[in-house]
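Here is a short report on one chain. It covers strand pairing, overall build, salt bridges and a surface patch.

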Amino acid sequence: MGGVVKVYPKTKKARKAALGAVAVAALVAANAPAAAGFAERAWHEYTINQESYKARYGHWDLVDVPEKFRINAIHAALLHTGKVLLIAGSGNDEKNFKAGTFQSVLWDPRKNTFKEIDTPKDMFCAGHAQLPDGKLLVAGGTARYEKLTGDVTRAGGGMMVKNEDPDKPRTLPAGTVFEGSTGKRYRSQLPVLVPRAKKTVTDETEENPKKVVVSASQARVYVESDVEGEEGIANTADQYKVKGLRGKDAQMVYGLATKLGLDKKDFQGLKDTYEFDPVTERYVTVDPMDEARWYPTLVTLKDGRVLSISGLDDMGEIIPGKNEIYDPKTRTWGPAPQQYFPTYPALFLTTGGKLFYSGSNAGYGPADKGRKPGVWDVEANTFTPVPGLRDPQLTETSASVLLPPAQDQKVMILGGGGVGESHEATKRTAVADLKAENPVFASGPDLPVGTRYLNAVLTPDDKVFTTGGSRDYRGKRGSDILGAQFYDPRAKAFDTMAAPTVGRNYHAEALLLPDGRIAVFGSNPLFADEDDTRPGTFEQRIEVYTPPYLYRDKRPALRTGPLKAERGEAVTLPTPAPGKVAAVRLMRPSAVTHATDVEQRSIALQATARADGLSVTIPKDPSLVPAGWYMVFLTDRDGTPSEAAWVRVR
């Protein structure tokens, strides 16, 4: 099982080149085995840099990143300025977390310049979505790192804080002491707001006098023992006094907890929410979520609001279906229909505003709950399963995309693995046609090998570029896959492309750039060798793939200044040769993490040639074209794209 998997093109020409390389290597090997390896590598390097090879398979290049800007990229989002926001937060490094070192970097791929962005909280494993005005919504993150059994030194757990006062809410700061009947003390690790109690007055009747009924409010907070070791364990339910409160306040506000132990503690989420402004290039604090979330998915709804789903809460427990909606007009969160999903569920906005859950997720939650694919009608809050998926138990760490063009309403799932630290991985791909009266999954072509953490990127020529991943959990046993391929939805087939030089697994991202190239970031392997003995290091190199369509002699020209468009109305795209354009695509920019990118979509636009360019009409349906900034690409009859122009759709 050991060894990095290399997936090379297998055309007749490539096989001849490979045989030539082997022949040269064999001759040299007769006298010097070490030289043979050098000769083979040299021949491969020579081959992949030939123009004919690039025109057939594309080419990979490493980006020159100054050392001070090399970060553990956990999240990547393309902004309407053409720059890419890379968010590390603490970067899955507890030392950074304890030191309060949180990082974001803004990369300009055109100029290859970098800028460090002040990052106010640990956005490691947050959720994000593109807003209608072009800002990026970032919600959640890390309030505490996980601690495995044996590493937990202080007993702790969830404390339910009650408030029986109907006249005022209570805010208890971090560090508040709760003392039980046995004298054991626990301190809150975060501040907690407990709403005022609910007071109801019953109607007076001849038989029953008027009554005032008070129902206590409650809020949870994570607490830890004041002492280390087993002395801090509480195995029975108890009521806890809030130290510092006296008289009536002490009676009104108190804590309740069951077991407070030394068992494993999972990551805890944050409630904090920010909008990143691409123009001022800074984070702006907005209304926090009601629930703390770590590993949430944020998905745009047809009206431009954003739904926040799933995640681990401030106890480190998976949120049991309590979702909420962000309104960018008021910058506030409100309630949403309840529906349970594992963490980072892949949900796609489809016709009529329904959400399709492909089954893809990133890993927290029981194996038997919330993992079946289906259509969620958010307004009616009904969920209709979509059957037919092969290897249904292997959807964790899989990739999913809304296939181009979005009007076809087909969602593809690719690869995936077993729940948790499973060694299992599947080659399976499948497509669900959501236009069908009763959608089912139809199997697609297999991937070259079973793959977890695959990155999938839509391209302007109506294809899907896939790259990276590993055969095992977090690249264990040297299982990274050095391969890339294009999937053609029309041919229903993969075409092998040039292999990257950098392995990518957990915490890797890929996205389409406005010039038509594809950038790949991150990777967080557990180990650095096939025997799983040396700890891995986070991959900070950026690699960019130039597809074959950019090695052709000519590409369509399009003025790249920002444009404005209204849904249902026509807009003119200035181009000197409108008659040579075969297709126009409106592409929503990515916001990707953990192989989850529910933002990207490619919409076909009908075009009419005019003297001053192309006239295109933006579809009226907001569930097809949510408001926001888009890239618009022109492609010729060979599928060669222009550089993108940015269009704001209202």
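## Strand β42 and its partners

How many bridges join strand β41 to β42? Three, and strands β41 (residues 518–522) and β42 run antiparallel. Ile518 has Tyr545 in β42 as its bridge partner. Strand β2 (residues 59–62) also pairs with β42 in the antiparallel sense, over four bridges. Here Asp61 stands opposite Val544. Strands count as paired if DSSP finds at least two bridges between them.

In a regular strand the side chains alternate between the two faces of the sheet. In β42 (residues 543–546), Glu543 and Tyr545 point one way, Val544 and Thr546 the other, and all are buried. Buried means under 20% relative accessible area, exposed over 50%, and partly exposed in between (1.4 Å probe, protein chains only).

## Basis of the model

This is a predicted model: local features need pLDDT of at least 70, side-chain atom pairs count only at pLDDT 80 or more, and totals for chains, interfaces and linings use all residues. Residues are numbered from 1 along each chain as its sequence is written, and side-chain values use heavy atoms, leaving out hydrogens and water.

## Overall build

The chain holds five helices and 51 strands; these are DSSP runs numbered from the N terminus (helices H or I, at least four residues; strands E, at least two). Of its 650 residues, 56% count as buried. The C-alpha atoms fill a box of roughly 90 × 70 × 45 Å along the principal axes.

## Salt bridges

The whole structure has 32 salt bridges, each a side-chain nitrogen of Lys or Arg within 4 Å of a carboxyl oxygen of Asp or Glu. Arg110 and Glu643 form one of them (2.6 Å, N to O). The pair links loops 533 residues apart: Arg110 sits between β5 and β6, Glu643 between β50 and β51. Arg110 is exposed at 64% relative accessibility; Glu643 is partly exposed at 26%.

Asp249 and Arg170 form another (3.0 Å, N to O). Asp249 lies in helix α5 and Arg170 in strand β11, so the pair ties together parts 79 residues apart in sequence. Arg170 is buried at 9% relative accessible area. Lys83, Lys115 and Glu281 are linked in a network of salt bridges.

## A nonpolar patch

Val201, Val212 and Val214 form a nonpolar surface patch with about 240 Å² of accessible area together. Patch residues have over 30% relative accessible area and no salt bridge; like charges are joined within 9 Å, nonpolar side chains (Val, Leu, Ile, Met, Phe, Trp, Tyr) within 5 Å. Areas come from the Shrake-Rupley method with a 1.4 Å probe; for residues, only the protein chains shown count as cover. Val214 lies in strand β16 (residues 212–215) and is partly exposed at 39%.
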